[in-house]
Amino acid sequence: MAFIPHDNNLGVLRGLIEAGQSNIEIANHLGCTKKTVCKWRMRLRDGVPMEDLRRYNSGQFKISNENLERVVEAFIEQPFDTLRNVHARLGIPGNIHTLSRAIRSRTDMRFRKPAKKPLLRDQDYALRLAYAYAHLERTPLDWRKTVFMDEKTFSSTKDGKFN
């Protein structure tokens, strides 16, 4: 959990620093990183006011739970749509990068790039067309007896894949 610098946390931080505790002990107590404690310790030493100096920080999520649920539902309905399209279609306020971070951190959804598949070459296209012309006279009954294999493994036993 991130350290949110409000009056209570900053008072506890100041007390722990003045009590002489180490950065690691303070970080474990407050649930933040050692680097965060080091930053606030330097601010205290330099006389910088102990307050949250981040601009426009309300401490709340920029993407509401309701909007995030709408996005998830949109992806359930159309799983191959892009985040950019969903963001624009639903009119979600905020930046698309903020929405992407919210999805990664607050849901179980993960984005994946689709696999690139080789295009059909002219030679392959011609071979397929020749096969189709050669078998024009086949009946639907003949096609039901045909097994098409595309790098699949078939076995006549239930013992395993290669028995």
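Does Arg110 count as buried, exposed or partly exposed, and at what relative accessibility is that decided? What follows places Arg110 in its setting.How exposed is Arg110, by its relative accessibility? With a value of 46%, Arg110 counts as partly exposed, where partly exposed lies between buried (under 20% relative accessible area) and exposed (over 50%), with a 1.4 Å probe and protein chains only. The model is predicted, so local features need pLDDT of at least 70 and side-chain atom pairs count only at pLDDT 80 or more, whereas totals for chains, interfaces and linings use all residues. Residues are numbered from 1 along each chain as its sequence is written, and side-chain values use heavy atoms, with hydrogens and water left out.

The chain averages a pLDDT of 82, and 79% of the residues score at least 70; pLDDT is the predictor's confidence in each residue, from 0 to 100. Helix 5 (residues 83-90) has the highest confidence, at 93, while helix 1 (residues 7-18) has the lowest, at a mean of 81. Where pLDDT is low, the predicted coordinates should not be read in detail.

The chain has eight helices and zero strands. Both kinds of element are DSSP runs numbered from the N terminus, with helices (H or I) of at least four residues and strands (E) of at least two. Of the 163 residues of the chain, 20% count as buried.

Arg110 belongs to a positive one, together with Arg101, Arg104 and Arg112, and is found in the loop between helix 6 (96-106) and helix 7 (122-134). A negative patch is formed by Glu66, Glu69, Glu73 and Glu77. Glu77 is found in helix 4 (residues 65-77) and, at 67% relative accessibility, counts as exposed. Patches are made of residues with over 30% relative accessible area and no salt bridge, like charges being joined within 9 Å and nonpolar side chains (Val, Leu, Ile, Met, Phe, Trp, Tyr) within 5 Å. Lys and Arg count as positive and Asp and Glu as negative, with His and the chain ends not counted. The place of a charge is taken as NZ of Lys, CZ of Arg, CG of Asp or CD of Glu.

A nonpolar surface patch is formed by Leu120, Tyr125, Leu129, Tyr133 and Leu136, with about 570 Å² of accessible area together. Such areas come from the Shrake-Rupley method with a 1.4 Å probe, and for residues only the protein chains shown count as cover. Leu136 lies in the loop between helix 7 and helix 8 (140-144), and is exposed, with a relative accessible area of 62%.

Side chains of opposite charge can pair when their charged atoms come close. A search of the whole structure finds three salt bridges, each being a side-chain nitrogen of Lys or Arg within 4 Å of a carboxyl oxygen of Asp or Glu. Arg89 pairs with Asp81, the closest N and O atoms being 2.7 Å apart; Arg89 is partly exposed at 46% relative accessibility, whereas Asp81 is buried, at 17%. Arg121 and Asp124 meet at 3.2 Å, N to O, and Asp124 is partly exposed, at 23%. Arg45 forms a salt bridge with Asp46, with 3.5 Å between the closest N and O atoms, and both Arg45 and Asp46 are exposed.
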